[in-house]
Amino acid sequence: MSAQTLVYLVRHGECAGNAEKRIRGRVDFPLNETGKLQAQAASVGLSEIHLDFVYSSPLVRALETAETIAKPHGLPVSICEAFTNMSFGVWDNRKKSELASEDPVEWEHWLNNTELLRVKDGETVDEVKQRSFAALNKLVRKHEGKAILIVSHREVLRPMLAAALGISSPYMWRIHLDNASCSCLSYTPERGYTLMKSNDTNYMKNVGLLNEYD
């Protein structure tokens, strides 16, 4: 059997867009104070695993998280545009409560027909799935037998996990990922992707950093 490749998938720490319950999309929120503490907790929690490469979305909340995690490993962080957050077009930076009130039909589609919704000037979830999964497959082929960590966003990691595991639509609300959580996939050409761990937040529970934000 071919060498196993490990892929750790980390969601960025909390930012103001999370705390204010906004559609984050491509808005470049930095980590807030809680997010910085979450990233540091993830860094400590993941410091004992072996890593060969670290990749990140270009958005600063993901990049700050990735750099914090990579530091104990002495690794640089490579930017991968394919892991940037989903574009919500005209919804970007809008409060969810406002959208639910002002545009209830489309908001209902987001909640119940998520994969089919295209907001004006935005992407569909399936488009995000295609670009992110293609990038994941490219990295796995490039770094066969190595350990890779990717820091990205909820609306990227959930479709990518669904693609890797063959979860059919509707899939978005069947995968839960907390801020700064870590999931892990293993890959071999013979077996494809296997889920080894999902939404691990044990390193944050010890310091009281889990929160109610999505």
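**Entry: the model**

I am working with a predicted model. I started with the whole chain and then went to single side chains.

**Entry: helices and strands**

I looked up the secondary structure first. The chain has eight helices and six strands. I then read along the sequence and noted the pattern β-α-α-β-α-β-α-α-α-β-α-β-β-α.

**Entry: overall shape**

How does the radius of gyration fit a compact globule? For 214 residues, such a globule would have a radius near 17 Å, and the chain has 17 Å, so the two agree. I also noted the box that the C-alpha atoms fill, roughly 50 × 40 × 25 Å along the principal axes.

I checked burial next. Buried residues make up 51% of the 214 residues. The chain exposes about 9700 Å². Carbon and sulfur atoms supply 50% of that area.

I also looked at contacts between residues at least 6 apart in sequence. Of these, 70% join residues at least 24 apart.

**Entry: aromatic pairs**

I searched the whole structure for aromatic pairs and found five. I followed up the pair F88 and W110. The ring centres are 5.2 Å apart and the planes stand at 80 degrees. Planes over 60 degrees apart count as edge-to-face, so F88 and W110 make an edge-to-face pair.

Where do F88 and W110 sit in the chain? F88 is in the loop between β3 (77-79) and α4 (96-102), and W110 is in helix α5 (residues 104-112). They are 22 residues apart, and the pair links distant parts of the chain. Both F88 and W110 are buried.

W173 lies in the loop between α7 (154-165) and β5 (182-188), while W110 lies in helix α5, so the pair ties together parts 63 residues apart in sequence.

Why does W110 count as buried? Its relative accessibility is 4%, and buried means under 20%. W173 has a relative accessible area of 41%.

**Entry: a charge over a ring**

Last, I looked at the face of W173. R158 lies over it, at 4.7 Å from the ring centre.

Notes. Residues numbered from 1 in each chain as written. Heavy atoms only, no water. Phe/Tyr/Trp six-rings, centres within 6.5 Å; stacked < 30°, edge-to-face > 60°. Helix = DSSP H or I, 4+ residues; strand = E, 2+ residues; numbered from the N terminus. Buried < 20%, exposed > 50% of the residue type's maximum accessible area, 1.4 Å probe, protein only. Lys NZ or Arg CZ within 6 Å of the ring centre and 35° of its normal. Rg over C-alpha atoms; globule rule 2.2 N^0.38 Å. Contact = heavy atoms within 4.5 Å. Areas by Shrake-Rupley, 256 points an atom, 1.4 Å probe, with all protein chains shown as cover.
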